[in-house]
Amino acid sequence: MNTERIIELLSYTLPAIVTGVVAYYFFFNYTKNEEYKTKLLILKENQNNGLHLKLQAYERMTLFLERIKPSKLLLRVTSINNDKNAYALSLNNTIEQEFEHNLSQQIYISEKCWSVIIAAKNATSQIVKKTSEDFTITNAQELRESILKRMLNNAPPSTTALAFIKEEVKNLL
């Protein structure tokens, strides 16, 4: 009688245990899949946000390079007292201020691109400095004209940097 009772008890409990294990296995796999899907969605969203931030940084650096093009810089920055040295200093200070305003963008831009941007900034500053050191130039107006003539013969340094940025963004997309 005892064995019959044990067999009867096992006949009820064994299927319940098997059903419980199978249910646990399915629910475990289901929650694991849902967690995986959620992680993928979060990762995809973060990548989209990262891409957006990178593109925004490239846009800002493009604007910076456009603003320091000598032809545009000379239109924006005017001479107060027609002193060539003061005007050259004012131009270089404007370039530095523009650069410092966009300094944080280096986080989102590749090292190589950032180096090209710095090289363009430094080259533009050197153009202003070297041109202002010419003794034949006596005032700010002549300095402006001389810089513009120099840019007619050579492409501004920012043009090369802009081409590099465009290529990098094209590869990013």
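Predicted model: local features only at pLDDT ≥ 70, side-chain atom pairs only at ≥ 80, totals over all residues.
Student: Which surface patch includes Phe26?

Tutor: Phe26 belongs to a nonpolar patch on the surface, together with Leu14, Val18, Val22 and Tyr25. The accessible area of these residues together is about 510 Å².

Student: What makes Tyr24 and Phe28 an aromatic pair, and is the pair stacked, edge-to-face or tilted?

Tutor: A pair of aromatic rings is described by the distance of the centres and the angle of the planes. The ring centres of Tyr24 and Phe28 are 6.1 Å apart, and rings pair if their centres lie within 6.5 Å. Their planes stand at 20 degrees, and planes under 30 degrees apart count as stacked; the pair is therefore stacked. Both residues lie in helix α1, four residues apart, which is about one turn of the helix.

Student: How do you know whether Tyr24 and Phe28 are exposed or partly exposed?

Tutor: Tyr24 has 57% relative accessibility and so counts as exposed. Phe28 has a relative accessible area of 42% and is partly exposed, because that class lies between under 20% for buried and over 50% for exposed.

Student: How many aromatic pairs does the structure hold, and which residues do ring pairs link into a cluster?

Tutor: The structure holds four aromatic pairs. Phe64, Phe99 and Trp114 are linked into a cluster by ring pairs.

Student: What makes Glu35 and Lys39 a salt bridge?

Tutor: Side chains of opposite charge can pair when their charged atoms come close. The distance from N to O between the side chains of Glu35 and Lys39 is 3.6 Å. A salt bridge requires such atoms to lie within 4 Å, so this contact qualifies. Glu35 and Lys39 are four residues apart in helix α1 and hence separated by about one helical turn. Glu35 is partly exposed at 47%, whereas Lys39 counts as exposed at 53%.

Student: Why is it said that the salt bridge of Glu98 and Arg67 ties together parts of the chain?

Tutor: The side chains of Glu98 and Arg67 meet at 2.7 Å, N to O, in a salt bridge. Glu98 lies in helix α3 and Arg67 in helix α1, so the pair ties together parts that are 31 residues apart in sequence. Glu98 is buried, with a relative accessible area of 12%, while Arg67 counts as partly exposed at 30%.

Student: How many salt bridges does a search of the whole structure find, and which residues are linked in a network?

Tutor: The search finds nine salt bridges. Glu66, Lys69 and Lys72 are linked in a network of them.

Student: Why are the buried residues of α3 said to be on the same side?

Tutor: The buried residues of α3 are Lys84, Tyr87, Ala88, Leu91, Asn92, Thr94, Ile95, Glu98 and Phe99. They cover an arc of only 145 degrees around the axis, which puts them on the same side of α3. The face turned away from this buried side carries the exposed residues Leu89, Gln97, Glu100 and His101.

Student: What makes the buried residues of α6 line one face?

Tutor: In α6, residues 157-172, the buried residues are Pro157, Ser158, Ala161, Leu162, Ile165, Glu168 and Val169. Seen down the axis, they fall within an arc of 125 degrees, so they line one face of the helix. Thr160, Lys166, Lys170 and Asn171 are exposed on the face turned away from the buried side.

Student: What makes the phi of Asn82 worth noting?

Tutor: Most residues other than glycine have a negative phi. The phi of Asn82 is near 65 degrees, a positive value in a residue other than glycine. Asn82 lies in the loop between α2 and α3, and counts as partly exposed at 36% relative accessibility.

Definitions and conventions:
Residues numbered from 1 in each chain as written. Heavy atoms only, no water. Patch = residues over 30% accessible without salt bridge, like charges linked within 9 Å, V, L, I, M, F, W, Y side chains within 5 Å. Areas by Shrake-Rupley, 256 points an atom, 1.4 Å probe, with all protein chains shown as cover. Buried < 20%, exposed > 50% of the residue type's maximum accessible area, 1.4 Å probe, protein only. Helix = DSSP H or I, 4+ residues; strand = E, 2+ residues; numbered from the N terminus. Arc of directions from axis to C-beta. Phe/Tyr/Trp six-rings, centres within 6.5 Å; stacked < 30°, edge-to-face > 60°. Expected span 1.5 Å × (residues − 1).
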